[in-house]
Amino acid sequence: MSKINFWNGVPFYFLVILLLVVIRLEPSAFSYNGFNLLLSAAVPLAFAATAQMFIMAAGDIDLGLGTFVGLVNVITAIVLIHHIFYALLIYVGMIVAYVLLGLLVHNRQLPSIVVTLGASFVWLGIAIMILPSPAGEVPTYIINFFNWSPPIIPGPVIYLILIGLIGNFVLMRTRYGAVLRGSGSNAEAISRAGWSVAKTKAILYGLAGVFGILSGLSLSAITTSGDANNGASYVLLSIMAVIIGGGEFSGGLVAPAGAVAGAAVVVLIGTVLTFLNVSSDYQIGAQGLILIATLAIRAVRRFVSGRVKVK
Amino acid sequence: MSTTSDSKVTLGSKILNIFRTQRALPAFVGSVIIWLLTAAIAGRGLTGTLTSSIAIGTFLFFVGIGQMFVITSGNGGIDLSVPYVMTVSAYITASVMHGQNVKLISGLLAALAVGIVVGLLNVFLIEIIAMPPIIATLSVGFILQSATLVLSTKSSGIPSPRIFINLATGNVGPIPNMAIFGIIVGIIFTLILTRSSYGRAIQGIGQSRSAARLAGLKSQRLTIYAYLISSLFAAFTGFLLAGYAGGPSLTMGGNYQLGSIAVVVLGGSLIAGGLSNVPGIWAAALLLTLLITLVNVAHLGAGAQDVVQGVLIVLVLTVGGTKRQKD
């Protein structure tokens, strides 16, 4: 699995091709500022995709991630600016809530889709109660942190690489990471080997909560104000990023670096469509089509290569 | 001493047993409580609240029946395309009818066509490409959303035909037409689920695909029908809701994605599939509709409504569980 394989590189080839297309359409994009503009929107999505990847590693899907990110955005714009301590307390509480969701899904054997869909309404409802209409102000230190402009290499590029490295380290380079992935693909084997599946589930959901918070913070740096509906599109986009990055729905099979590349691909596809003057009305449909196409190609590849080599 | 405590235990376990076997009962009881609470806070409109809630709840009931067939088929079956199908169907039928009374039947046929096309698309992705149902129906939903956005710029502001609005919002005596229609459809689908071979078979494959296959059931074909039923109900409900509201709108499907799943769960059907009932869905749709009224009457705002709905579904799932009836 870990050997360098042509197919594992697909999201990265795709990313390079898209960058070339963007530069071909808009030559001025090939510059420090150009890359800054192109990829700054990919950072919050890469955090969200990594969060989704942790849930998918557990064999689940998170349909509440979008409104969770929106709630973080609202907290950041309303609470963090005035009361740092309370805001931090709320962030921690939200991560604990994710851990509890994971334990609930595990202990009661509930489908994660329905639980997280229910949770999504709770996040949205709380966000609307705090902030019925867009307002608030994101602290400047948050904005400055995510708009960091180091010399030569644009900030977003560094952030994306860091997110990929962290995800890769946690799941692919640590011993417990293998246990975490294993719990998603074969919980029975993991628990027979003496590991607690409840614990792996709680940790994976907790990690998703942490990255969901980071996604909301970095999104706030872009929006600079609060809106409960910010991040609503992240449910599908984060799943798309994970899938384009090489992840599977069956649990355990994930590619952390690929998910980050997938996030950049998803954002760049939007940019290309905009450059081509495709109406924003068509963009969401195009995203759906791309997801279907990715999975269809994978299905064909699997069919051609004969047998599924899972497990 | 011991005899009295024994009898208490049996009484308690009897009540528990009733709730365990009559899985639709909590939704009915909950509806009554919220109904009385709403009327008490508002101080008026005891019967009016009930009849209008039953009428409005009918839309949720219909998409809930469709969702129920998909969920019952098991294997993680779920249809997230419901709200998008509703909206696209509302716009397509509006542009087909163009506000003319004589074209009401063409509108209905267009809605059914939308349902069949979307249902087949969902089934193709799930059964042929082997996409997980969530992702397949969500992707299809987003494609439909784009289609709706494009359509809405061309056919916005077309009112529904007069005769259709009158039918959908009319009354027979004190009872709204929609309430009567909903109950009739409910009885038909109760019979389909409990008495027809299809209804028994779909619950069978939901309980155990392998056992059902050994019994000679064709699970793939049964699942295809389930997704078709769901899309047909969603498309028909979108058509109907546009008639009820006087015309289509972009946000009309909004609450029906979680709503359609919530009523199935609250109604006592198993989210894992294999055990479902229609009356529970009806009561749950009524409950959620009354809940919205209650939130409005109590001036709690849209946020509180979302929180209550979300908490309710997670709570019922937690209490109700999925792996069930081992005894």
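A: Just after helix H13 of chain A, the residue A:Asn277 adopts a positive phi of about 65°. The model described here is a predicted one.

Helix H13 of chain A covers residues 256–275. Where does H13(A) lie, enclosed or open? Of its 20 residues, 14 are buried, and the helix is therefore largely enclosed by the rest of the structure. A residue counts as buried here if 20 or more other C-beta atoms lie within 10 Å of its own.

One residue of interest is A:Ala263. Leaving aside residues up to four places away in sequence, A:Ala263 touches A:Ala42, A:Leu45, A:Ala46, A:Ala49 and A:Ala241. A:Ala263 also belongs to the largest nonpolar core, which has 202 residues. Within this core, A:Leu45, A:Ala263 and A:Ala264 touch the most other members. The greatest contribution to the core comes from helix H11 of chain B (residues 219–245), with 15 residues. As a general background, nonpolar side chains in soluble globular proteins tend to be buried together.

Two other residues of chain A also have a positive phi. A:Gln109 has a value of about 55° although it is not a glycine, and it is found in the loop between helix H5 (84–107) and H6 of chain A. Because A:Gln109 has 11 C-beta neighbours inside 10 Å, it counts as exposed. A:Thr224, likewise not a glycine, has a positive phi of about 60°. A:Thr224 is placed in the loop between helix H11 (197–223) and H12 of chain A. With 14 other C-beta atoms within 10 Å, A:Thr224 is partly exposed.

In total, 34 residues of chain A are in contact with 40 residues of chain B. On the side of chain A that touches chain B, helix H6 (112–130), helix H12 (234–244) and helix H14 (280–304) each supply at least two residues. H6(A) gives the most to this side, with 13 residues. The residues of this side of chain A divide into 26 nonpolar, 6 polar and 2 charged.

Technical notes:
Residues are numbered from 1 along each chain as its sequence is written. Chains are lettered from A and ligands numbered from 1 in the order in which they are written. This is a predicted model: local features need pLDDT of at least 70, side-chain atom pairs count only at pLDDT 80 or more; totals for chains, interfaces and linings use all residues. Two residues are in contact if their C-beta atoms, placed from the backbone, lie within 7 Å. Helices (H or I, at least four residues) and strands (E, at least two) are DSSP runs, numbered from the N terminus. Ala, Val, Leu, Ile, Met, Phe, Trp, Tyr, Cys and Pro count as nonpolar, Asp, Glu, Lys and Arg as charged, and the others, Gly among them, as polar. The expected span of a helix is 1.5 Å times one less than its number of residues. A residue is buried if 20 or more other C-beta atoms lie within 10 Å of its own, exposed if 12 or fewer, and partly exposed in between; C-beta atoms are placed from the backbone. A nonpolar core is a set of buried Ala, Val, Leu, Ile, Met, Phe, Trp, Tyr and Cys residues joined through C-beta atoms within 7 Å.
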